[in-house]
Amino acid sequence: MSKFFKRLLNDSSSSDEEERNMWFAAAIEFERQNSQGSGSGDRSSRQYRYRDRVSGHSRLLNDYFVENPVYDETLFRRRFRLSRPLFLRILHTLQQHNDYFVQRRNAANTVGLSGEQKMTAALRMLAYGMSADSLDEYVRIRDTTTIECVKRFCQGVVEIFGPEYLRSPNATDISRLLRKANQRGFPGMLGSLDCMHWTWKNCPAAYHGMYTGHVHRPTIVLEAVASYDLWIWHAFFGMPGSNNDINVLDASNLFANLQEGCDPSVNYTIMGNHYNMGYYLADGIYPKWATIVQSISHSQELAHDFFAKKHESYRKDVERAFWVLQARFAIVRGPARFWHHEDLTFIMKAYIILHNMIIEDERVDDNGLVAMTSGNDDYDSLGTDGPVEVSRGPISFDHFMATNSAIRDSNTHYALRRDIIAHLWMLHGQGVIE
């Protein structure tokens with residue numbers, strides 16, 4: 001209440017009771033009118049819409065989640081990008097981690113949105129890249145609530161499943177990768193390395209210069225390593241688009257575990273020469289390191305031509321992974337419309353986690369992936385020469401510097417590539433690799 005009315009009500013000259021009541025009512029009406037339309041708490045411009053969330057929840061259950069749903073597993077997989085059991089597994093885990101996805105009643109004793117509605121809204125927005133309010137008609141959810149669901153869903157997926165599905169390959173994984181690399185004629189190969197740019201449409205104007213690179217619009221860089229089955233083993237996201245692949249590699253933690261002695265050992269022999277570090281296939285922009293093998297341009301020998309052909313073929317694994325990621329989640333294919341860098345980081349990591357979970361879920365058995373591999377991979381027979389030792393103790397600074405120098409050794413890079421070329425040409429001559 002304003003000081004004027006307080007003084008007026010406390011004035012001894014206004015002794016008449018009826019007059020005091022009149023002034024008191026006028027003061028209350030004056031304060032009520034001044035409080036309307038004066039801040040974020042203004043409710044006069046907000047219209048309440050009864051969305052009938054219960055019927056929306058019932059319709060969603062009848063369409064997809066009952067014993068005999070309207071739409072079968074094939075349509076569920078097409079529209080949600082993952083299988084129904086995987087959907088329910090993620091939902092139940094999220095509900096145990098965060099009660100936001102548990103259906104509750106509000107202060108007015110009204111039933112709120114169910115976990116199925118919230119997760120459906122999040123996945124539909126991620127999978128189709130549609131606007132937030134386009135889900136209102138079917139899911140019965142407001143656009144602001146949809147955006148909140150997307151943020152909480154991605155954050156929950158990263159916090160719960162990140163340690164498992166964003167981890168580096170362990171000894172068992174490396175044994176399988178090395179065995180597949182031997183079949184391809186590239187002993188010691190752990191995957192292929194490349195970067196992808198995600199356009200940031202709502203990048204703040206103050207950051208445009210920093211995030212604008214060769215594509216002439218603000219982008220954020222994703223560095224990834226993918227194996228033959230399109231599993232993404234390494235994901236480093238967040239560098240501004242003005243950086244090239246070399247800058248991103250210098251800032252990433254791709255070789256951090258190797259430098260600290262925490263990676264499983266990788267030992268293999270090519271043409272009689274022994275090597276103790278795995279390598280990745282990459283394009284020509286990357287440096288000549290012992291852990292990166294590049295192709296040969298303008299080769300004049302048949303062996304070099306054959307190596308370049310196979311190298312460029314297997315290096316496409318990471319590009320295929322990027323393509324599948326963008327095809328599966330359309331929001332990555334289009335420009336990012338969120339304002340905060342932290343939200344985009346959670347979203348990108350959640351994409352990669354879901355991508356790896358889908359790959360794991362679509363394995364028919366221990367013999368490979370559905371429509372992704374030839375079915376000749378034996379995930380149980382790990383062999384006897386695979387890496388089994390992992391160093392976990394503290395290392396000295398001299399050992400750290402020696403490992404760092406070994407990773408960046410260009411002489412080892414050229415020697416390794418010569419051995420791979422000779423090994424591939426020998427296998428080609430024997431008819432093992434065409």
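Reply: A pocket here is an open set of grid points with protein on both sides within 12 Å along at least five of seven lines. The model is predicted.

Me: How many residues line the largest pocket, and which of them lie nearest its centre?

Reply: Helix H3 (53–65) and helix H8 (143–165) each give at least two residues to this lining. The lining counts 27 residues in total, and those nearest the centre are Tyr-48, Arg-51, Arg-53, Asn-106 and Thr-145.

Me: How do the lining residues of the largest pocket divide by class?

Reply: Asp, Glu, Lys and Arg count as charged, and Gly is among the residues that count as polar. On that basis the lining of the largest pocket has nine nonpolar, seven polar and 11 charged residues.

Me: What is the volume of the second largest pocket, and which element supplies the largest share of its lining?

Reply: The second largest pocket has a volume of about 750 Å³. Of its 32 lining residues, Leu-254, Asn-257, Leu-258, Cys-262 and Asp-263 are the closest to the centre. Strand S3 (232–240), helix H12 (256–259) and helix H16 (397–407) each supply at least two residues of this lining. The largest share, four residues, comes from S3.

Me: How many residues of the second largest pocket's lining are charged?

Reply: This lining divides into 17 nonpolar and 13 polar residues, plus the charged ones. The charged residues number two.

Me: How many cavities of 30 Å³ or more does a search of the whole structure find, and what is the volume of the largest cavity?

Reply: A cavity is a set of points where a 1.4 Å probe fits but cannot get out. The search finds two cavities of 30 Å³ or more. The volume of the largest cavity is about 80 Å³.

Me: Which residues lie nearest the centre of the largest cavity?

Reply: Helix H9 (171–184), strand S1 (189–199) and helix H13 (302–328) each supply at least two residues of the lining of this cavity. By class, the lining has seven nonpolar, three polar and three charged residues. Of the 13 lining residues, those nearest the centre are Arg-184, Met-189, Gly-191, Ser-227 and Tyr-228.

Me: At what angle do H8 and H15 pack, and is the crossing left-handed or right-handed?

Reply: The axes of H8 and H15 are 8 Å apart, and the packing angle is about 55°. That angle makes H8 oblique to H15. The crossing of H8 past H15 is left-handed.

Me: How do the residues in the contact of H8 with H15 divide by class?

Reply: From H8 the contact includes Val-150, Phe-153, Val-157 and Phe-161, while the residues from H15 include Phe-346, Ile-353, Leu-354 and Met-357. By class, the contact has 13 nonpolar, three polar and five charged residues.

Me: How are H5 and H15 oriented to each other, and which residues of H5 meet H15?

Reply: The axes of helix H5 (residues 84–97) and helix H15 (residues 341–361) come within 11 Å and cross at roughly 135°. H5 and H15 are therefore oblique to each other, and the crossing is right-handed. The H15 side of the contact is Leu-354, Met-357, Ile-358, Glu-360 and Asp-361, and the H5 side is Leu-86, Arg-89 and Ile-90.

Me: How are H4 and H6 oriented to each other?

Reply: The axes of helix H4 (residues 73–80) and helix H6 (residues 115–128) come within 9 Å and cross at roughly 70°. The contact joins Arg-78, Arg-79 and Phe-80 of H4 to Thr-120, Leu-123, Arg-124 and Tyr-128 of H6. Angles of 65 to 115 degrees count as roughly perpendicular. H4 and H6 are therefore roughly perpendicular.

Note on methods
Residues are numbered from 1 along each chain as its sequence is written. This is a predicted model: local features need pLDDT of at least 70, side-chain atom pairs count only at pLDDT 80 or more; totals for chains, interfaces and linings use all residues. Side-chain values use heavy atoms; hydrogens and water are left out. On a 1 Å grid over the protein atoms alone, a cavity is a set of points where a 1.4 Å probe fits but cannot get out, and a pocket is an open set with protein on both sides within 12 Å along at least five of seven lines; lining residues have an atom within 4 Å of a point. Grid points are joined across faces, edges and corners, and a volume is the space filled by probe spheres set on the points. Axes are lines fitted to C-alpha atoms, for helices over the stretch in contact, and angles run from 0 to 180 degrees between N-to-C directions. Angles under 35 degrees count as roughly parallel, over 145 as roughly antiparallel, 65 to 115 as roughly perpendicular and the rest as oblique. A crossing is left-handed if the near helix is turned anticlockwise from the far one by less than a right angle, and right-handed if clockwise. Contact means heavy atoms within 4.5 Å.
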